[in-house]
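Subject: Structure handover and notes

Dear colleague,

Here is the structure I said I would pass on. Please read the notes with the model open beside them.

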Amino acid sequence: MEKLLEVKNLRVNFKVRGGIVKAVRGVNFHVNKGEAVAIVGESGCGKSVTAQSLMRLIPSPPAETSGSILFKDKEILKLSNSQMEDIRGKEMGMIFQDPMTSLNPTLTIGRQITEGLIKHQGISSSKARARAVEMLDLVGIPNASARVDQYPHQFSGGMRQRAMIAIALACNPSLLIADEPTTALDVTIQAQIMRVMKDLQKKLGTSIILITHDLGVVADMCDRVIVMYAGKVVETGTKWEIFKNPKHPYTRGLLRSLPRLDQKKDEPLVPIYGMPPDLIKPPTGCSFCARCDEAMRVCVDNDPELLPVDGNESHASACWLAHPYANREVSV
Amino acid sequence: MVKYILKKFLSMFVSLFVLASATFFLMKIIPGDPFLKEKAIPEKIKEHLFAMYGLDQPVWKQYLMYLNNLLHGDLGMSMKQQYMSVGRIIKDSFIYSAQIGLFAVIVSLAAGLILGIIAALNHRKWLDSVTIIIAVLGVSIPNFLAASILQYVLGSKLQWLNVSGLNDPTDFIMPVLALSFLPAAFIARLTRSTMLEVLSADYIKTARAKGLSGRIILVRHALRNAILPVVTYIGPMTANIITGSVVVEQIFGIGGIGKYFVQSITNRDYTLIMGLTLFYGIILMAARFVTDVAYGFVDPRIKLTRGGGKG
Amino acid sequence: MRTRKSAFTFMTALLILAIVAAGCTPKNEIGNKGSSNANGETSQAKVFRMNIHSEPSTLDPALMEDNVSGTLATGIYEGLTRKDENGQSVAATAESWVKSDDGLTYTFKIRKDAKWSNGDPVTANDFEYSWKRALAPDTGSTYAYQFYYIVGAQDYNESKVANADGVGIKALDEQTLEVKLVSPTPYFLSLTSFYVYNPVHQSVKDNAAWAADAKTIIGNGPFKMSEWQHNTSIKLVPNEYYYDKDQVKFAGVNFTMLEESATELANYETGKLDYTGKPTGEIPAEQIPVLKESKKDEIVTKGIASSYYYQFNTNEVPFNNVKVRKALAMAIDRQAIVESVTMAGEVPSFGFVPPGIIGEKEDYRTEVKDDFFTENVDEAKKLLAEGLAELKLTKFPKVTLTFNTSDGHKKIAEAIVEMWRQNLGIEVGIENQEFSVLLKNRTAMNYQISRAGWGADYNDPMTYLDMFVTNGGQNNTGFASAEYDALIKKANASGDQKERVEAMTKAEKILMDYMPIMPIYYYSNVYMLKPGFKNIFLDYKGDIDYTRGYYEAE
Amino acid sequence: MKDQSFTPDQFTKLGNDKKSSEPVVRESISAWKDAWQRLSSNKIAMLSLIILLLVSLMAIIGPHISGQDFQTNHLKEKNLSPSGTYWFGTDDLGRDLFSRTWMGAGISLQVGLYAALADLALGVIIGGIMGYFGGRVDEILNRFCEILYSIPSMLIIILLIVIMSPSMFTIVLALSITGWISMAWIVRGQIIQLKNQEYVMAAQALGANTARILFRHLIPNAMGPIIVTLTLTVPSAIFAEAFLSFLGLGVQSPAASLGTMINDAIKAWTLYPWRMIFPAAVISITMLCFNIFGDGLRDALDPKMKK
C-alpha cells in the first residue's frame, strides 16, 4: 500500500507561563491511501494537537513543532505559508468537533463552501455554487439548492456537521482529518454523521484520520487504530488487533470503559481512575504508570518504547509488560 | 420591511415630540432670558420685547404656540441673531461641520480598525503595546490639546498648513485629525478587544483549514464578526462629530454648528436651542436606526427588523 | 446576499479611500504653501485685515448692541458726526450744526454730497426715519433708550403714545434736521456718532431680512459690504459714492471671525492678519509680557473708558457694614493684580469713573483725582475688626465671590481671594456662574460679592454715575442715598458743565465713601498692528476706527 | 530496546502509593487564585498596578510633601519652571504645581472612578435589558435613551447648578445623567448578538431565569467592549468635569482638578509647557496603566484567552 502521510518523531511544545507544555512527544505513524485511521485517547492526550499540526493549524508561537510530516512526499513542516495554504482545504480537509462554533455565523453555508472552491480550483462563483449544492446534496441535506443560501443558525446541529463535511470535502482532498466530529452531537445524529463520512470515503476514496476518545465509533469506520496517551503513541494496530488483543493497560482501560452489546448485565463499566500527568513536567518513566493497575517498579523511571507485539508488523505497544521479565498473568 | 420602517418613523416622530417638549420646559425652568445682559435693558423695553416674542405668555401657552409653529415647519427666528432664521443658521453652519465631520468619521474608522487589527494580530507583542499607547493617548489627550498642538506645530512653527480657516483642501487636515484622535483610539481598542475573542473562535480555524489567505480570513471572517461594537459606536459618534465640536471649530476658526450648541444656551436663544435640539435629535435617531439595520447586515442572526421577541 | 456583499465592499472601499486620502493629502499641502499669502498688494492700496471674533449679532443699526456690530458699523454706516482720535465729535454726514442757547435744540445741516452705497442721496428725512424707526416699539431696539434725551422719545418707545408725531426729530428740509431735547444734554453731540444713531436706507421697510446679506445692506459709510460668509468672514470694499472717498485709502477691509485668541495670534504671526487684539479680538493675556519684548514696535496699550470692580450686596451681613466693605477694598494689592495677573496695562482704580471721560474742560479723571481711599493692610485689619464688632460677629462669616465664567475673571478672583486670606485672614469662597445665572442672581440680590464691569455709552461721567441712583436698573447693591440721587438729578438738569461736574464729583465721593462697589482697575486695550499701517486708532471707549487708515511701506 | 539490563525484581508490581516518582497531578487551585497567579506573572500588568497604587498614594500625600501648599499665591514667582523649591514649577499665580497636580489627581481620579461606576451600573443593566428583551421594551427604552441623549446636557447642568451646590456628588450626578447611555448602547448591541447563540438558547430552554442568563451568560461575554468603554469613560469624565467647572458646577478654585489645570495651562502651553505636561502626564500614565492592567485582568479572568 502506498503511504499518503508519514509522521516521524513529531513533537509539539507550547510555551506557557510556568514552563513548556510538551503536548506531543515524539509521535510516529502513517496513513495509507484510502485508509481510515483512528487516533484515540482521553482529552488532553495530544491527539487533537497532532491532528491540527498535520495541517499546521497550531499557531506558532506559542507552539513549537519539530519532527517530520511527509504528505505526498512533501515535508509539511518546511513548506512556506502560501504553499501550505494550497494544501489546506485542497489536499487535506478538516472537520472540527463543534459544528455550532466551527461555522462562521455571518456567512451563508454556500459561501463557506464556495470560498475554498474558488480559491483552490479557480472556478467561477456560479460554478462553485452549483458544486456547493451538489456537496450539500451529497452529505444528505434535503432541499440543498435552497439551503445553500441559509446561515448556520438556520441549520440544526447535525445538519451543520454535514455542512462541515461538505466544506471539508468540497475540493475532494486526499486526506480528511475529522477531529471528534460527533462528540458534540447526540447519539442518533452521531451514527448518521459517521455513515455520511463512511459513504463518502468509499465514494471518493479519501483517506481519513478520525480523532476520537470513543472507541465505539472506531469499530465501525476505521481500518487501523492509534492509541495516544500523554503525548505519546502507546499502542497501534489494526482495528481487530486493538479490540481483540489489546496489549497496553491503557487500551484495555479504554475498552473496559466502553459499553458493549455483548456485555453481561452484572459486569460494570470500569472508568480509568486518576488524572493524566502534567505535561509541563512529564514523568521520566511510563506516563501511565500512576494510573496503571499493573504498574511495576521498572515503570516508574523507565519509559517503555513502542515495540512490535509478537513480531507482528502492524501491532505495536509501549509497555514493560511485554518485557520477558514481566509476569504475564493478565486477562482482558 | 415597509411596515417596519413606517413603525419606526411613527415612533421617531413621537420621540421628537417628547424631546421637543422636555427641552422646551427645561429651557424655561432655567434662569435667564434672551435679553439679559450686563447693561440691563430698561424694564419697559424689555416688557415690549417679551411681548413681541410671546415670552410674556404663560409657559404652556408659549409651548402650544411653539408646537403650532413647528407643525407648520417654522423653527422661528433666532432671538440673538435677529436677522437670521433658525433654519438658515443651521443650514449655513452645518455645511462646514458635516464636511469635516464626515472626513473625521472615515479617518477615525479606517485608522481605528487598522490599529485595532494590528494590535489583535500582534497580541502581547511590541506592536500591540505601541497601539495601546497610541490609543490610550488618543483617549486621554483632550481634543482641544491635540488641536492646539497640531496648530502650533504644523501651522505656526513649520508653517506647512494654514493655522485656521477652510479655504484650501489642506485646511481640512488639522481639524479632521483633531476630531479623529479620540474616536480612532476608541475604535482601535474596541476592535482589538473583540478581534482577540474572534480570532480564537473555532470558525477562524475552519477558515484556515480551508486554506484561505490570512487577509481574507481577517476581513471576511474575523472583522465581520468583531465589528458589531464598532457599528454600535459609530452611530452616535457620527451624529456627534458631524454636528460639530465647539473647541475644534473654535481653534481652527471654522464657522461650524458646534458652537451654537453652547452659545444658544448661554444666550438663552430659545428658538435656536429648540431648533438645534430637534436637528440633533433627528440626526441621532436616524444614526441609531441605521445602526440597527446595519446589525442585521453584519450578523444575520440579528433580526430587529422583524420586531420583538427573544432570539 | 448580494446587498450584504455590496455593503461590505462599500465599507472596504471607504476604508481604502480613507487610507489613500490620509496618505496623499499631506503632499498637496507643500504645493500650496506659497499661495496662502493673500495680501500680495503693494503699498498703494492694501487690504486691511483684522479679526472681529464672531458673527455680528446684527447689521441693523437700530438693533446693534455689541462692539462686533459696532466695528462693522464704523465702516458701513456714518452718523451725523464722527469721533476723532481725541474723542472729539467732528463733522461727518452733517457738515455743521447749531445748538440753541438753552441747549435744548440742535439743528444739523446734512452735507449735499452724502450718498448711500447705491447712489441715492442721504437726506435729513433718512435720519428722521431711522431714528423714529429705532424708537418704534416693534423694532425691538434694546438701545432705544439712548434716544430718550429727545422730546417724546420715551413715551413713543414705551407705547404711551400711538405714533411718532410727538417725537422731537424733524427734517425741516432735505438737508436740515432739527432735534429737540428734554433737558440740555451736553453729551448729546457725542451720542450722534453712536451706532444706534446711524441712518438706514428707507427701503429696509420692504425687506425684513435685509440685514442678513451683503447684497441687501445699503450703507452710507466709507465702505460697503462685498461679501459676507456667515460665521467665517466679512469683506468690505470702498463705497464709491462716499463723499470723502479720497481719504479712504484701503482697497478693502477683511474681517475674520476667530473666537480663539491663540488662533488669532497665530494668524497675525503668520501674516494672515494685520491687526490683532482689542476691541473685537484678543491677545492671550499670558502672551502679552512676552510680546511686549519681542514685538515692541507693534504692540500698543491704550487705556479705555471702562471700569472693572466688585460689587457688594449691602443688604446682607457682613457687607451691610461699611467698614467691612472698606476693609476688603483696602486689603488688596491692585498694582500686583494689573502687573502679574491681568498684564494688559490696566490701571489700578481708586474711583469709579475711568480716565478718558471728558470732565469740565479736560479729562474728568485728571480734574478729579481718584484718591477716595488707599490700600493699607493694617488699616484694613482694624476696620474689619471694628466692623465685625459692630455687627456683633466673632468671626468673618462664610461668603462667596461670584463671577461670570471667564478665565480672566477667575484668575483675578483667585488672586484677590488669596490676598484677603493672607492680609485679613478671611476665607472667601469662589464660584463662577454662567452669565445669565449670575445676572439673575445679581438682580435678585442673591449674592454676596460679585464681579461687574462697566463701559461708557457716551463721553460723560454721567454714563457711570447714574447707574447707582436708588432703585436704578443697574444698581443691584442695595445702595440708596437721597443725597446722591439729588446730585445726579441736578447734574442731569443743568446745561452748565462746571456745575454738572461739581455735582458729579460730589456724587462719586458719596459712592466711594459708602463703597457698595470696590474698584479694581480701569481697563485698557492691547492690540498689535503690523508696521506700515497708519491712522488706525481706538477712541476713548476703545472702539476701533480704521476708515481713514492707510499703508506706507517703511 | 536499549542496551540496558533490568533485573527481574524491577518487574514486581508496585503498591498504589509508590507509583510515581513525582506528583502526578497539578495542585488543584481555586479559580481566583489561578487568576491571581496568571495576573501576577504578567509583569507589565503588575507594574501598571504598582504605578496605579503609587498615583493613588500620591493623590493622598502628594499635596503635603513639597512644603508648598496648593493655594498660596506667589505673584512674584509665577510661571517658574520646575526647580528644587517648586518640583513641578508654578502656575500663573505662582502656586506650587506639585501640590496642585496631586490634589487635582485626587479629585479627577475620584470623578473618573465614580463616573465609571455609575456608567457601569446604569449602562450595563439598562443596555442588558434592552438587548435581551428586545421588542417593545427595547423600543421604548431605546427611544428614552435617544431623547435623553439629545436634550442639551448644558440645560440639565444649568438646572443642577440652580438647584444644587457644587460638590463631588453633583459633579458625578451631572456626568452620569447622560453618561451611561453610550455604555447601554454598546451593551445592547453585544447582547443582541450574543443572545442568539446556542448556549443562551440552551439556558433558556432549561428554564434559567432572565437575570441569571443576563448576568451569568450574556454580560460576562460582553465584558471586552464593556471594559473598553469604561476606559473611555474615565478620561472623558475627567475632562467633562473641567467643563462643569467652567459652567460653575465642578470643582471651584482655589481647588484644582487635572482637567481645570490643563484648561488653564492650554492658553500658554507654548510658553510654560510644564504647566500642561505634568497634569497631562498624570492623566495619560494613569490611563495607560489602567488600560494595561485592565487587559491583564481580563486575560487573567477570562479562560477563553488562556490559549
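The notes below go from the chain contacts to individual strands, helices and residues.

This is a predicted model, in which local features need pLDDT of at least 70, side-chain atom pairs count only at pLDDT 80 or more, and totals for chains, interfaces and linings use all residues. Residues are numbered from 1 along each chain as its sequence is written, while chains are lettered from A and ligands numbered from 1 in the order in which they are written.

Chain B

Chain B has 13 helices and zero strands; here helices (H or I, at least four residues) and strands (E, at least two) are DSSP runs, numbered from the N terminus. The C-alpha atoms of chain B fill a box of roughly 80 × 60 × 30 Å along the principal axes. Of its 311 residues, 59% count as buried. A residue is buried if 20 or more other C-beta atoms lie within 10 Å of its own, exposed if 12 or fewer, and partly exposed in between, with C-beta atoms placed from the backbone. Among contacts in chain B between residues at least 6 apart in sequence, 71% join residues at least 24 apart. Two residues are in contact if their C-beta atoms, placed from the backbone, lie within 7 Å.

Chain D and its partners

Chain D puts 48 residues in contact with 55 residues of chain B. On the chain D side, the elements that give two or more residues are helix 4 (135-150), helix 5 (153-163), helix 6 (168-194), helix 9 (223-247), helix 10 (258-266) and helix 11 (274-301). Helix 4 of chain D supplies the largest share, eight residues. By class, this side of chain D has 28 nonpolar, 13 polar and seven charged residues. Ala, Val, Leu, Ile, Met, Phe, Trp, Tyr, Cys and Pro count as nonpolar, Asp, Glu, Lys and Arg as charged, and the others, Gly among them, as polar.

Within the contact of chains B and D, the axes of helix 10 (residues 228-242) of chain B and helix 6 of chain D come within 9 Å and cross at roughly 145°. Axes are lines fitted to C-alpha atoms, for helices over the stretch in contact, and angles run from 0 to 180 degrees between N-to-C directions. The residues that make this helix contact include B:Y233 and B:P236 from helix 10 of chain B, and D:W185 and D:I186 from helix 6 of chain D. By class, the contact has six nonpolar, five polar and no charged residues.

The contact of chain D with chain C takes 19 residues from chain D and 22 residues from chain C. On the chain D side, helix 5 and helix 9 are the elements that give two or more residues, and helix 5 gives the most, with three residues. That side has 10 nonpolar, five polar and four charged residues.

Strands in chains A and C

In chain A, four strands form an open antiparallel sheet in the order 2-1-4-5; two strands pair if DSSP finds at least two bridges between them. The edge strands are strand 2 (19-32) and strand 5 (74-75) of chain A. Strand 1 (residues 3-16) and strand 4 (residues 63-71) of chain A pair over eight bridges, and A:L5 stands opposite A:F71 in strand 4.

In chain C, strand 7 (residues 176-180) pairs in the antiparallel sense with strand 5 (residues 105-110) over five bridges and with strand 6 (residues 169-173) over four. C:E178 in strand 7 is the bridge partner of C:T107 and of C:K170. A hairpin of two residues joins strand 6 to strand 7 of chain C. Strand 7 has C:L177 and C:V179 on its covered face, and C:T176, C:E178 and C:K180 on its uncovered one.

Backbone points in chain C

Most residues other than glycine have a negative phi, and most peptide bonds are trans. The peptide bond from C:K278 to C:P279 is cis, with omega near 5°, and the bond from C:V317 to C:P318 is cis, with omega near 0°. C:N231 has a positive phi of about 70° and is buried, with 21 other C-beta atoms within 10 Å. C:N535 has a positive phi of about 60° and is partly exposed, with 15 other C-beta atoms within 10 Å.

Regards
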